[in-house]
Amino acid sequence: MAANIVGAFKPSMQNVVKTSKILLVGAGGIGCEVLKNLVLMGFGELEVIDLDTIEISNLNRQFLFSKDSVGKPKSHTAKESVLRFNPNVNINSHYGDIMDTKYGSAFFNKFKLVINALDNKRARSHVNRMCLSCDIPLIESGTMGYSGQVEFIKKDFSLCYECSPKPVPKDYPMCTIRNTPKEPIHCIIWAKFLFSQLFGENTEELVSMEETEDETEEKLSARDWAKANNYDGQKLFKKIFYDDIDYLLNMRDLYKSKSIKPRKLDYVYLNGVKSEYAHEEESKILTLPQYISMFIDSITSIKEKLDQSKKGYLNWDKDDDDFMNFVVASTNIRSVIFGIEIKSHFNIKSMAGNIIPAIPTANAIIGGQIVIHGLRVLEGKYPRCQTVYLRGMPNHKGEIIVKDKIVQKPSPTCTTCSTEGHIVLAVNTFTFTIRQFEDLVLRQRLNIVAPDVLIDGRMIISSDEDDELDLYSKTFSEANILHGSKISVDDFLQNYRVQMLVHHKMKVSDEQPEFELFNNSDDVDKEDDFEQEEYDDECHIDGEDHKFIYVKQEESSNEEMANESDEDNFSSVEEELEETELFVDAGAVNDASETCIKITNVCSITEDNTLSIIEEQSAEVPADSQDENNEDDAKDNFEIEDDAKDNFEIEDGAKDNFEIEDDAKGDFEIEDDAKGDFEIEDDGNETNLELKRKAEDNVDTTETKKSRSSTDE
Amino acid sequence: MDSEITNNGGDVGKLSKDELKVYDRQIRLWGHDGQKKLSSWNVLLIGMQGLGAEIAKNLILSGVHSITLKDDTNISILDRCSQFLIPPDSEERNRAKASLANAQKLNPNVTVTADIKSIEEEEEDFVSKFDVVIATECFPAIYRKINENCRKHKVNLYIADVFGFFGYFVQDVTFEHNLYHEIFPNYDQRSNVSENRPLPYYLTSALLRFQCESNRKPVPDNCEKDIAELKSIISSFEHITNIETYDEYLGELFCEMSPTTSIIGAAVAQAAMNTIMDRTIDNFNVFFYDHVEHRGQYFKL
């Protein structure tokens, strides 16, 4: 090991390397590389934590694992593996979630340096807060495809992870998913909902209609109907792709004046069909009979898995071939019905699983740079730890590894690392509940783990279970939280505090989100003037146009996040940054993505008749309406972060963004065939589009950057 | 060259189901065609110290058809800074042989072989058996010979070395840029180096010159004298005025340090794979990783 060789290091560093205790969070693509490098350098005291187990698709880059270790915890396996080339290092491995309360400040305080090799935003911001709280230097990292980055975070010295806002996942309106799909992604989301409706735990997302059993007149949910029919593949095929479509076509005016209208499948397939498909390559487009066969076969296999499941339900997983076949077949059969382009198994898997491509070399470069940064940090040379970017292709100077000119200073308005920071919370105080506040704002958006919430000195949410406040069902106004109220939120575990100012805001348009966060009150009003073109056309279903439902491909729960999942497929670009910022682990996926729908009542509600409108609505909905099941959820509002219009632009702009990447790559040709193959980029995959959109933003600043940095050198 | 997968008995030009699963995340980047090209190429890797281990790791994980690990030298204590393929208790003394088992374990789909014959003893056309040759840990005069042979037989060549935290590689895949000894002409004489070159170029030239004079790389147990010697070589270059800017580099040029073997090993492996997949970055021929500036940059020299 280098630290045992006199002269390999400067004498001052030799002991630092031997004795500095380092925490590595994540033993995936980057984590394996970092652990190898740390051990070879002679770092003697290491701890590594990961909540994941090894998957076969990890093996192209996570070289500390082999086929024999599939299914085993990454942290323990990585430790055993590196001890084989250096048995003299003290490694403590944890198979667990870094967000678990047992890894509190007492745990973090043991370390001289923390290294993040994570694949999701929640855990990244949690570690960020813990390191700020304990004042421990943090190295943050991510890769995606050929690109990556390394960033140094130190309290009061550098930007923190949360100084720049990170994009949140995109939403799709539920009516598009249910009634008027236009893109393959709409059918894919529908297919995943169908999976969870038939086999999953969570049956909120209803896409298949209720059905009457012949013998009784009782109406059964699609799930119960399927059970009653013993998950007969052919019967399910008929119900979902014939009867449910008939139902849609019979809904009065649903497709009136719309270009989209389902076309019924030929009745020759009604009783199913047999067509061999197993031999086909995953990148090939199959025939309709093959997809029908695949659908029916997948039901049979999934039923067996359901029967064996101890929990009594299944969680969709892109790495399960039967689950994946179900989604591919369902997606494409529905696409045929709605006249949407058919996609290959390979491409649907990319989109359904939100898969980010990953290669060993990018992880190795980032893993090397992390350790070089780590040595600089331990030397105390903080100004030398500028953010470093790995580019897929050289820039005009031939660089593929590029650093920022300086370490960026903390943002004075950051709500995480600045004491001055506060947030304006814009909500309808008449409908927004305390439970929504805790679940959607505090836990989901702000990544708070154990919130204590005070309003003007009065506690409304407590992290202590013994405090029985029980205000969850109350709306803000009922709890006397009004326009101008100051809420102070405290997370004891993260030592994270944030002040919020409540801004009452009525909904003026249908697609407004349940809540919005702003840095100051002036911004709240700017948001008010936005238009709603697409949605008017999209979602006025006759007699129900006051019902509007959003779908969100959402981040997974903590345990599920284990599985390489990553809601965090984003990059964010600082004005000052030279390259696209990536906080994505290569290979990261949103595979656990329990795609979830929430329902939003979106008619313009006036202050005094909120509840009555909701009731009225329930009454208006026909008893046999597909949406009936959603009544109860109507109040269960859901935030929609980016305005709806934005979503559509992204979809439509996919092609443009595609071009942009070309530009971003500068004068260097290439890539054509790589791109051709990487079709997910072109297909409305949120992640990639998001990244490209950022790349686009980045292009604008790159040039000025270049000129600035060249004068500086 | 066909793209038959021998190890899995798959159809010609087809990847096995097992390979598709393992390579899934990278196929989503470079496509099935890219993967098929990779799985048809045969690589010769010369030198199995830390840098060689990294290059081998990346190419084997990515799924080339075969890789030959060629090294006639024995394990040294310095390997422990970065050679993670050799077990610390290895009874096998030859570097290539000692690396073989762990290298193969990285990916059973790749044919990995160890070759302990010195490259100097091989026939001139030896390189023509391979699609890519990657040479590390040789003396500059050997690199020159390898480059001339590969150029003659139109075999893609990469030459890479790591000195402490610093590293570089040379690429000859279009067969039209300068040859190795033309890029670094001063390696065998204290002649002048070109003007207006980046710092890493002069550093590399000095290191190559040092290797020729001392018949070895700079070593940690002789670090003070070696630093002084390097400094005097650099001072002898006509265009160097700011010799003190080299000080930080000179203190960190010993052994092959794993962060930089990691970076150079990945950069050279990726460059080779880009060539295999017809997306060569062909307007450059030299790459330097400058660890002080955190900069990895291509040049045409």
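View 1. B:Tyr202 counts as buried, because its relative accessibility is 5% and buried means under 20%. B:Tyr201 is also buried, at 0% relative accessibility. This is a predicted model. The structure holds 39 aromatic pairs over all chains. In the pair formed by B:Tyr201 and B:Tyr202, the ring centres lie 5.6 Å apart. Their planes meet at 75 degrees, so the pair is edge-to-face.

**View 2. An aromatic cluster in chain A.** One cluster brings together aromatic residues of chain A, among them A:Trp190, A:Phe195, A:Phe199 and A:Tyr231. A:Phe237, A:Phe241, A:Tyr242 and A:Tyr267 also belong to the cluster.

**View 3. Lysines over phenylalanine rings.** In chain A, A:Lys409 lies over the face of A:Phe157. The distance to the ring centre is 4.7 Å. In chain B, B:Lys217 lies over the face of B:Phe163. Here the distance to the ring centre is 4.6 Å.

**View 4. Two residues of helix α10 in chain A.** Helix α10 covers residues 288-308 and holds A:Lys303. A:Ser293 lies in helix α10 too. A:Lys303 counts as buried, at 16% relative accessibility. A:Ser293 is buried as well, with a relative accessible area of 2%. A:Lys303 is in contact with A:Asn230 and A:Tyr231. A:Ser293 is in contact with A:Val273, A:Lys274, A:Ser275 and A:Tyr277.

**View 5. The annotated residue A:Cys175.** An unreviewed UniProt entry carries the annotation "active site", and this covers A:Cys175. A:Cys175 sits in helix α6, residues 174-178 of chain A. The residue is buried, with a relative accessible area of 5%.

**View 6. The largest nonpolar core and a second one.** The largest nonpolar core has 112 residues. A:Phe9 and B:Ile67 have the most contacts inside this core. Leaving aside neighbours within four places in sequence, B:Ile67 is in contact with B:Val43, B:Leu45, B:Ala56, B:Leu59 and B:Ile60, among others. Its contacts also include B:Val110, B:Thr111, B:Val112 and B:Thr113. A second, separate core has 60 residues. Its members include A:Ile189, A:Tyr291, A:Ile292 and A:Trp316.

**View 7. Positive phi values in two loops of chain B.** B:Lys154 has a phi near 50 degrees, a positive value in a residue other than glycine. The loop that holds B:Lys154 runs between α5 (140-152) and β5 (156-163). B:Lys154 is exposed, with a relative accessible area of 56%. Phi of B:His294 is also positive, near 50 degrees. B:His294 lies in the loop between β7 (286-290) and β8 (295-299). In contrast to B:Lys154, which is exposed, B:His294 is buried, with a relative accessible area of 1%.

**View 8. Chain A as a whole.** Chain A has 22 helices and 19 strands. Of its 713 residues, 65% are buried. Take the contacts in chain A between residues at least 6 apart in sequence: 71% of them join residues at least 24 apart. The accessible surface of chain A comes to about 25900 Å². Carbon and sulfur atoms account for 46% of that surface.

Methods
Residues numbered from 1 in each chain as written. Chains lettered and ligands numbered in written order. Predicted model: local features only at pLDDT ≥ 70, side-chain atom pairs only at ≥ 80, totals over all residues. Heavy atoms only, no water. Helix = DSSP H or I, 4+ residues; strand = E, 2+ residues; numbered from the N terminus. Buried < 20%, exposed > 50% of the residue type's maximum accessible area, 1.4 Å probe, protein only. Contact = heavy atoms within 4.5 Å. Core = buried A, V, L, I, M, F, W, Y, C linked by side-chain atoms within 4.5 Å. Phe/Tyr/Trp six-rings, centres within 6.5 Å; stacked < 30°, edge-to-face > 60°. Lys NZ or Arg CZ within 6 Å of the ring centre and 35° of its normal. UniProt positions renumbered as here; feature names shortened; annotations may be inferred. Areas by Shrake-Rupley, 256 points an atom, 1.4 Å probe, with all protein chains shown as cover.
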